[in-house]
Amino acid sequence: MANTFVIAKKEMNSLLNERTLILAIIVQLLIASFSSLLVIGLASFFDPSALSNYDEKTANVGVVGDGELRNFIEKSQVKVYYYQDLALALSDFNNNKIDGIVVIPGESSSGTGLIQIDIYLPKSDIRGTFVTLQLKKPLEDYEAFVRDIRSQRIGFEPVRLYVDSVTKKTSTYFEFIYGILIPLLVFTPVFISGGLIIDMFTEEFERKTMELLLVSPASFGEILNGKILTAVLIVPLQAFLWLALVSFNGVAINNIAIILLLVSIITIIVVVLGAIIAVKYKKRLISQYLYSLILILMFLAGYLFADSPFNLVTRLSAGAMGNEALAYCAAYAAFSIPLYVYLKRVKIS
Amino acid sequence: MDLLTISKWEFRKTRLSFSLKTRILSVIILILIGVTSFFVSQSGLHINDNIYKVVLTDPELAKVLRTDNKFDVFVTNKENAKDLFELKGFDILILDSRIFYHDSYSYDSEKSISALDALDKAIKKYDEARLLSYNDLNDTFPVWLNVKNIERVQAFQPVSLQTLPQFEKIQENTANAPIEKPAVEKAVEENTQLPSIKDFTELKKSSSLQEQTLATPSHFNPPIPFKSVVLSFIFIFPIYFIAQFFSSSIMEERVKRKGELLLVSPLSSYEIVLGKLLPYLVITLVMVAGMTFKLGGSPWIILILLPVSLMFLSTAFFGAIIARSFKELSFVLIFLSVFLSGYIFFPAMFANIHAISIISPITLVVKMLENEPVSMSEYLFSTTPFYLVSSLVFMFGIFIYREEDLFTQKSIKGKLLDSIQEFIARVPTPLFFLSIALLPLAFSIQLMLIVLMFNVPLRIGILVFIACAALIEEVVKSVGIYTVFSKKIATVSTANALKFGILSGAGFFVGEKVLLLVVIASIAGSVFGSVMGIGLLIFPLLLHISSTTVASLSMRYLGTRNYLSSIVLASIIHAAYNLYLVRGVIFG
């Protein structure tokens with residue numbers, strides 16, 4: 001047992017000396033910032049209020065033709081310019097005077113035909129996006145208006161719910177932060193540790209230092225435990241760091257203790273799996289390749305069902321679940337036992 | 001013995017590592033991955049399942065909400081429901097048809113407000129699915145949008161545009177009205193927000209990359225090519241694996257000291273390295289070609305992914321040369337591939353939104369997948385940095401592909417300095433050319449910064465960018481001088497400091513102008529362009545020379561130990577000048 005800690009301490013020192021752990025944390029920071037930049041960037045395109053940073057407040061839109069839609073567009077934020085025909089509007093469009101054109105067709109809400117609206121937008125241009133965002137609301141309102149009239153003909157009754165005062169806010173951010181960002185932050189260290197244990201073992205095999213270790217007082221079982229201990233212990237530490245950082249940024253994280261417990265259990269599974277591969281194959285090239293494949297498989301499987309570790313972390317951190325998660329923790333812990341038993345039986349020859 | 005012999009050996013060596021058992025195992029795992037992705041595609045991604053808790057009294061409404069996995073729905077009587085909502089952490093309470101939520105004054109309001117929005121979306125989706133089942137488009141989805149995206153720079157063509165487009169002839173990028181009437185379930189799936197694996201497994205089956213969607217106002221959104229980006233990720237996938245093999249193979253030789261034999265052979269180190277690279281590069285390209293063929297993309301995609309492959313392979317090689325242990329190699333490679341992946345995939349998401357997105361070759365792949373033309377100048381713009389940086393990385397790696405760096409435990413910094421020292425020893429007027437050689441690296445990092453800066457408010461973005469860009473350029477210009485002084489290659493004197501500063505600054509200036517002339521035309525008009533030094537010629541020259549000379553002199557007097565403060569000093573001067581250039585945008 002004492003030898004286990006000696007090995008663990010040795011591995012920990014080498015991690016700290018090489019500053020590899022720091023690099024790992026930078027990697028995680030990069031992943032986090034990329035993904036949040038991406039989603040916040042994308043979400044802001046679907047949530048016009050987020051674009052208020054930009055100086056342009058209104059989009060200039062040309063309108064050709066006359067019809068009910070005109071009233072809806074006039075009521076919206078966009079600045080409307082009227083044109084007699086499309087050619088005139090297009091020439092202003094090409095001269096950058098207006099950034100979008102709406103062609104209102106003759107068909108009205110009381111008619112029977114489809115109301116087809118042509119919309120001209122500049123290609124690969126941020127102003128096109130801007131017009132899209134500002135036109136969306138009046139178009140949707142118009143659709144609801146026409147649908148109210150027409151769907152009565154077929155006897156359609158929409159689901160109607162009422163709410164007293166609405167605090168309108170998109171759910172995109174909330175679902176991204178709890179559904180993607182937090183599980184990603186918490187599980188990246190897990191996957192890194194799986195790779196780490198492979199490096200720890202294959203390096204000993206390829207440098208032939210494993211033989212030296214084996215003639216030392218430490219048994220192979222103790223060497224295994226020591227290395228696994230190091231690879232597992234650093235994960236809840238990193239996960240805690242991320243959770244602390246996220247809550248420092250004003251995102252409330254619930255059930256931190258249960259999340260750390262769950263993450264530690266999953267780490268044991270992943271690290272033991274990594275150790276099995278490394279001890280069986282001994283070469284880094286093959287072991288890392290197989291581990292990467294299995295990682296993809298586990299990652300996909302993690303999205304396959306509700307109550308997967310990803311989903312549990314989402315619900316725990318968002319507060320949609322509490323102590324009942326402990327039952328799942330126990331189930332996952334039970335899963336790690338046969339893996340560990342199998343690892344102990346692998347011959348190192 | 002020649003380069004090809006090395007390639008043959010390398011190929012055989014890696015192939016032999018894969019025993020029959022390993023091959024069978026990887027086939028099994030690949031099949032499992034396929035099966036799992038099939039199931040994921042059937043049931044969707046269960047990311048936010050049961051995240052919101054709703055309690056209500058109407059069992060019919062509960063059925064509606066249960067169509068969305070996000071809701072954990074609980075039906076009970078009125079009294080119980082109120083209690084649960086008040087005390088047990090439920091986010092939404094629905095009594096008959098009235099919704100209650102925790103508003104902004106209460107604890108847990110964040111989640112409750114977001115649940116409200118999710119509820120709104122779920123009901124819209126449910127209604128839309130029901131409407132579709134009526135098979136009566138004119139009464140259920142009466143408003144249709146035909147969106148035409150027009151390139152504004154192109155000349156106005158009245159002939160094609162004056163005839164009002166008919167419903168039958170909708171242009172390529174116009175969303176089509178569904179001719180068939182989809183079943184309810186299908187419509188619900190199609191509207192899921194996050195693209196499931198299904199989306200691209202379906203894409204594989206059909207050659208056309210467009211899917212039929214509802215072109216109604218609620219589907220009128222900015223064009224984000226999510227699917228094409230995910231698809232292009234599949235193209236990139238083999239590159240990650242092969243780069244990993246390449247680095248493992250190099251590292252294994254270092255660890256087992258097998259490479260020593262090759263080093264004493266008559267072959268030069270660049271022949272050895274290129275010989276080793278060749279099989280991996282060929283396999284990568286073959287796999288990319290196979291993917292392209294299978295997924296029905298244009299063969300040009302291979303040409304676009306060539307520089308990307310070179311980039312991944314070169315960084316994998318360099319990582320394997322500088323790392324001291326497997327662990328360090330793993331971390332260096334993870335770091336580099338995360339950085340590179342960000343660089344190539346992040347801008348691609350904005351392919352249809354902003355012209356700057358073509359800094360990434362993946363944007364071009366995305367464009368091709370969406371059947372849009374890609375011009376030669378776009379190809380040059382996005383791939384030139386990749387070609388240049390990867391050759392540079394190979395060159396610096398080959399410099400230290402020698403016994404004293406491969407088989408010793410030198411630190412990463414020590415090895416980097418070694419490769420710069422080699423450069424200085426081999427090239428005439430080294431400091432002048434070192435600045436030029438390192439320029440693509442600075443250029444790539446700066447482009448990456450620009451992309452990141454688009455996400456912060458413009459003014460802060462410009463300020464941060466100016467500071468970072470100055471720092472990067474000053475490091476690039478002075479790192480050679482640092483090497484010369486710290487390794488005592490030349491005497492540390494004021495005259496030398498001045499000379500080196502001028503050479504280095506002038507080199508950077510020349511390189512910058514040449515590179516910018518070739519590739520940067522398309523962003524030259526933007527504010528960021530002027531920060532990167534497209535403007536008057538004489539002032540940038542003076543700037544580059546003076547800031548580097550400051551760094552050089554400060555190293556002369558403060559010693560190379562204070563390199564960091566020398567750099568900061570030079571960066572402040574540099575940043576101040578650039579700040580003055582764009583003052584109008586920031587303060588005006």
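Trainee: How many residues of chain A are in contact with chain B?
Mentor: 100 residues of chain A are in contact with 103 residues of chain B, where contact needs C-beta atoms, placed from the backbone, within 7 Å. This is a predicted model: local features need pLDDT of at least 70 and side-chain atom pairs count only at pLDDT 80 or more, while totals for chains, interfaces and linings use all residues. Residues are numbered from 1 along each chain as its sequence is written, with chains lettered from A and ligands numbered from 1 in the order in which they are written.

Trainee: Which helix of chain A gives the most to that side?
Mentor: Helix 2 of chain A, with 15 residues. Helices here are DSSP runs (H or I, at least four residues), strands are E runs of at least two, and both are numbered from the N terminus.

Trainee: New topic! At what angle do helix 13 and helix 14 of chain B pack?
Mentor: About 155°, with axes 9 Å apart. The axes are lines fitted to C-alpha atoms over the stretch in contact, and angles run from 0 to 180 degrees between N-to-C directions. That makes helix 13 of chain B roughly antiparallel to helix 14 of chain B (under 35 degrees is roughly parallel, over 145 roughly antiparallel, 65 to 115 roughly perpendicular, the rest oblique).

Conventions: Contact = placed C-beta atoms within 7 Å.
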